[in-house]
Amino acid sequence: IYRVGKREAYLPPGPPTLPLLGNIHIFPRFFAHFQFSEWARQYGEIFSLKVGSANVIVISSAKAFREIIDKNSGTTADRPPNHFADTVTSGGLNIFLARYGEKWRSLRRGVHEILTPQASMNQRPLQDAESAQLMYDILRSPDDHFNAVRRFSSSLILSIVFGKRAPRFSTKEVTAFYHVQHIWEYLLFPGSFAPVDQIPWLKYVPERFARWKQVCREVRDLQRDLYFGLLEETEKRTSENGCFIETVIKRADEWGMDREMVGYLGGALIEGGSDTTSSLTNATVLAVTAFPESQRKAQEELDRVIGSSRAPEWEDLEELPYIRALLKEVHRFRPVAPLIPRAATADLTYCGYKIPAGSTIIANIWGILHDPEVYDDPEVFNPDRYMESDVGTKKDHENDIGQRNDLTFGGGRRICAGMHVAKYSLAINVMNLLWGFEFTPAKNAKGEEIKPDIWNFAQALASSPNPFQFTIKPRSAKHAEIIRQRFLEATPILQQFEHGISDDDAAFLSDIRSAASDA
Ligand code: HEM
């Protein structure tokens, strides 16, 4: 008992512990990446926390990430145990949270089918078409820009996975998704409920004293209604449109997947594809409004290379170095996953410290990308840092081991499976938005500018800005006309994913399409 909570001598250093508790009493609940980055400055690129007798190892340098996550991927590809996730998703079938083993391998094999760099290219016409609707949505209702971006991501991933798009943010499946996602994230958020993974006997507490049991059931029912409802629709559809689940259904046996796995794989992809790209797109809009110099430079480049007689295309990116730098900078400035959780399946060592099997490893992406030793003024949104160096660091850190500009997608065997789709979505949306619109801070009743709050982000697992106010205007009547034209031209591609949509969605589409063609 005396030893419980005490830091073993072979572990990396860390904050002082208390008997039994270890560091539980100081373990940060919200925005933990800020406190972890603070401790990294104090204790170094690798430090440890004791949670009772369990170990949490936090790594905060590109080198530690390379050595531990990339090079030792076979030992660090596990995720920490998560009883709530196991209860909700039939024994842990959510690919993001799944333990490293046979089930995860089957799920990942299926995902590769649609998300390899080559396979991801098949999604591009649809991404362009959805982006055309995003632009038109903002042109029609600039005040709804925030949800227009979220609609884009949800509609895209619903179409890719289940072959059915979401024309509105209020489309039934999107509303149902955000409703359950909100409760699911709350359930998974460390500290919301009893720590059953750390104190396993809590699993046996009767339900009337363990509200988490009720919440798990609620999330499970809601997710099953949505994910398995969509699966059933795809199974019953008589005409195919090449969506992912059609392929999975045909090849499930070959990939070792039963129907439960198929449903949860589809569902997890909706979770992974919805709030990630949209958060980053909204964070970009917030950043270029808060740092107008970056907007000015991006638009000067777009005007010079593209002009106002056509909209940007993916191929233009080659000629747009500042836009490429801006895309890298937004990943660094507001990483979607500031912390990436892993678990060690065997002992490993780093810089003379031992990371024992079973330890939780947290890759502190925020800390790595906001280290003032490595980046000049890390809290400033400054794409120019990536014009000067491909990794955006100070000159003397460019060649540090492990430096790369896509750390925000993770690494090793569990690197983001959707990164190619995500990079394309982000690039075309950011190019289109900056080409077509002017973003300026909103004004208060006295006519004074309201300073955009770059710290107003939600307390959630994925880092997402809270809705913010500003003024959006098309950059010229010519730009507005091209946006309208492109929306109409996207119709045949979008229509392939409009079978089975609700009458309200169909009426909405018919209205906006006729308004666009009458204009
Ligand atoms: C800007 C957008 C995105 C970012 C920053 C992002 C980031 C991440 C990160 C950090 C991980 C964990 C990686 C690790 O453990 O090392 C991850 C996992 C994953 N992501 Fe993404 N993601 C994005 C978009 C997407 C999209 C659009 C999809 C689907 C189309 C997707 C599918 C996945 C999947 C399936 C995994 C699970 C990998 C596994 O555990 O085996 N992601 N993502």
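Helix 12 gives the largest share of the shell around the ligand, six residues. The model is a predicted one.

**Ligand shell**

The ligand is surrounded by 26 residues. The closest are G272, G410, C416, G418 and A422. By class, the shell around the ligand holds 16 nonpolar residues, eight polar and two charged.

**Overall fold**

The protein chain is built with 20 helices and eight strands. Its radius of gyration is 24 Å, close to the 24 Å that the globule rule gives for 519 residues, so the chain is as compact as a globular protein of that length. Along the principal axes, the C-alpha atoms of the protein chain fill a box of roughly 80 × 55 × 45 Å.

The table sets out the packing of two pairs.

| Pair | Angle | Axes apart |
|---|---|---|
| Helix 8 (residues 145-162) and helix 12 | about 150° | 8 Å |
| Helix 18 (residues 477-489) and helix 20 (residues 503-518) | about 130° | 10 Å |

Angles over 145 degrees count as roughly antiparallel, so helix 8 is roughly antiparallel to helix 12. The crossing of helix 8 past helix 12 is right-handed.

From helix 8, the contact takes in F146, V149, R150, F152, S153, S154, L156, I157, L158, V161 and F162. Their partners in helix 12 are G266, L269, I270, G273, S274, T277, S278, T281 and N282. Sorted by class, the contact of helix 8 with helix 12 has ten nonpolar, nine polar and one charged.

How are helix 18 and helix 20 placed relative to each other? Their packing angle is about 130°, and the two helices are therefore oblique to each other. Helix 18 makes a left-handed crossing as it passes helix 20.

Which residues meet in the contact of helix 18 with helix 20? Helix 18 brings R484, F487 and L488. Helix 20 brings R513, A516 and S517. This contact divides into three nonpolar residues, one polar and two charged.

Note on methods:
Residues are numbered from 1 along each chain as its sequence is written. This is a predicted model: local features need pLDDT of at least 70, side-chain atom pairs count only at pLDDT 80 or more; totals for chains, interfaces and linings use all residues. Axes are lines fitted to C-alpha atoms, for helices over the stretch in contact, and angles run from 0 to 180 degrees between N-to-C directions. Helices (H or I, at least four residues) and strands (E, at least two) are DSSP runs, numbered from the N terminus. Angles under 35 degrees count as roughly parallel, over 145 as roughly antiparallel, 65 to 115 as roughly perpendicular and the rest as oblique. A crossing is left-handed if the near helix is turned anticlockwise from the far one by less than a right angle, and right-handed if clockwise. Two residues are in contact if their C-beta atoms, placed from the backbone, lie within 7 Å. Ala, Val, Leu, Ile, Met, Phe, Trp, Tyr, Cys and Pro count as nonpolar, Asp, Glu, Lys and Arg as charged, and the others, Gly among them, as polar. A residue is near a molecule or strand if its C-beta atom, placed from the backbone, lies within 6 Å of it. The radius of gyration is taken over C-alpha atoms; the globule rule is 2.2 Å times the number of residues to the power 0.38.
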